[in-house]
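Dear colleague,

Please find the structure we spoke about below, and take a moment to look it over before reading my notes.

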Amino acid sequence: MKIRSSLITLAFVLLGAVSAVSAQEIVVVNGAKYAVHDVVKGETLYSLARHYGVTVDEIIAANDVLKAGLKAGQRIKIPVKSAAEKEQPKVRLHKVVRGETLYSLAKLNNLTVEELRTANPQVRRGLKAGQLIEIPLKESAVEQSVVAPAPQAAQSKAEQQQTDATTGATTSDENAPATENSTTAVVEPAKAEIVPFRTLQQGERAEVALMLPLGSEQRPAQNYLDFYRGFLIGLDSVRMAGHSVNLNLYNTAHDYNRVAEIISSGALDNVNLVVGPVYEDELIPVAAALQSRGVPIVSPLANLTQTTSGAVFQMSPSPATKFDKVRSMFDGSKRVVIISTDNVDREFDSEVRGMIKDGARVVEHKYVYEHPSIIEKREKEREKMRAAGLAVDDTPSPSDMSPLLAGDESTVIVITADNEVEVDRILAAVASANISLTARSQRVVPYVVFGNNRWNRYRNIDRSILFSNNVTMLSTYHARRSEPIIREFDKRFVKEFGALPSLYAYRGYDAAVVFVKSLYGAMATGMEGTHTTPLLTPYIFEADATSGVRINNQWIKVNYNNNFTITTE
């Protein structure tokens, strides 16, 4: 091997001088000794570190070429240490929890999957719940804080509802956790204040704490497990952008006291970013403890009502701005048709009526389902009566939408039914009336249906009917699987975890990409005016004048057009 003397001075070949190096070429660079090693297939940074008695970070620091990864055929330098300087590889034991994978554990502990396998030959065929494995600890990393799961409190109704992101339509955060009082302890909300956030320089490692109610081994919380998995993929994107990240995961178990223990233990003292907890009563003490240190705290799902802290970011848009993008639909320039049933979504009904300007033309219609055979039978009886010269009651069936669609007055249709079957039937009836009137060459009013974003929870609605009826909905989150960026994410998620991602996985990815990257720039100004769109959902944060909380102001208006395209505003 030819070495340029101006860069490296060849010292000597020393047999047995370093127990891990035998008949190995030694070089001296700037007074430091290095063993020259030719990488062979199957070797990893972790296996080399163990073999030479050094750390992975020390090997990387000595070889710029390793920033792109270790590859067979590379010639690298390994720092040479004396026997006194060497340290035995440090490991900690970890009990595998149901749902964990080699990939998730590797990313959580800043390792590669191969490094985990090298340390644990018994897991070559995968992990099993309850299995004890060794997690290699890197010298420069803070010990990973994966808190052993504890029995989970009963899930709220919001937790039990998981949105369906498989339809190709928009998804909603309506099932995000609401504030719950899970303990008798009370912590005063942190006072609103302008926080000078700490930012990082290029090359500095970001210490990130992720606090999620992951449940227990017997009853894992799938929604939050999905969030965590999406977060891991997001961190990979951050690392590919050249940043170093150390993730500390805490299972809060939806337990206020567990959160208090994490805070009092000092585990959050040196973090640069906290994502979670997802419940407001558990997030408030975290904000109180960290806001004076310039640490941003992210509420990834909940709408905060009690928190007053300029250190907190809320990813879900505020209900106060929910209808800003659709108020023009109810300003009196269009007729409003409200179709109700015996089962009315009172909240949605009240929201819509609150937007209708005085003087607007409002038509009320009570929908009652009638089977087509009943309608057909009644029409035959009417025909017989007409033939006999008898008076006929031509009142249309309450399930017939034709009278509501006939004419030329621009119309907004609002369906206030709070029942999946009834919503599906009414949408089908509206589409059928449109087809029937058109077939008879009668004019059909230009109309749109303003939909309830809770419809995204419904699993059995024919999604094509949304396009037929020009449905417009508001959503806190939008993810359409036909889009290339979503397809790519789905492909990666399936490869790593063997399942399709849910809304929670997408939101987890967004949280990692938006906030960890911001630590290296945008966080210096509290992300004011910064517009980010990691997948399809945009984020623009503005500080609330009262609470100080920095809230994403981006409600998304999703339009299902009758040419079978989706547009967003």
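What follows is a short account of what was found, from the whole chain down to single residues.

This is a predicted model, in which local features need pLDDT of at least 70 and side-chain atom pairs count only at pLDDT 80 or more, while totals for chains, interfaces and linings use all residues. Residues are numbered from 1 along each chain as its sequence is written, and side-chain values use heavy atoms, with hydrogens and water left out.

The protein chain holds 15 helices and 21 strands, which are DSSP runs numbered from the N terminus (helices H or I, at least four residues; strands E, at least two). Of its 569 residues, 51% count as buried, that is, under 20% relative accessible area with a 1.4 Å probe, protein chains only, whereas exposed means over 50% and partly exposed lies in between.

Seven of the strands form an open sheet with mixed pairing, in the order β13-β12-β14-β15-β16-β20-β21, where two strands pair if DSSP finds at least two bridges between them. At its edges lie β13 (362-366) and β21 (566-568), each of which pairs on one side only. Within the sheet, β16 (residues 471-475) and β20 (residues 556-560) pair in the antiparallel sense over four bridges, and methionine 473 stands opposite valine 558 in β20.

Arginine 353, in helix α9 (residues 346-355), is partly exposed, with a relative accessible area of 36%. Leaving aside residues up to four places away in sequence, arginine 353 touches Ile338 and Glu364, a contact being heavy atoms within 4.5 Å. Isoleucine 338 is 15 residues from arginine 353 in sequence and 9.4 Å from it in space, C-alpha to C-alpha.
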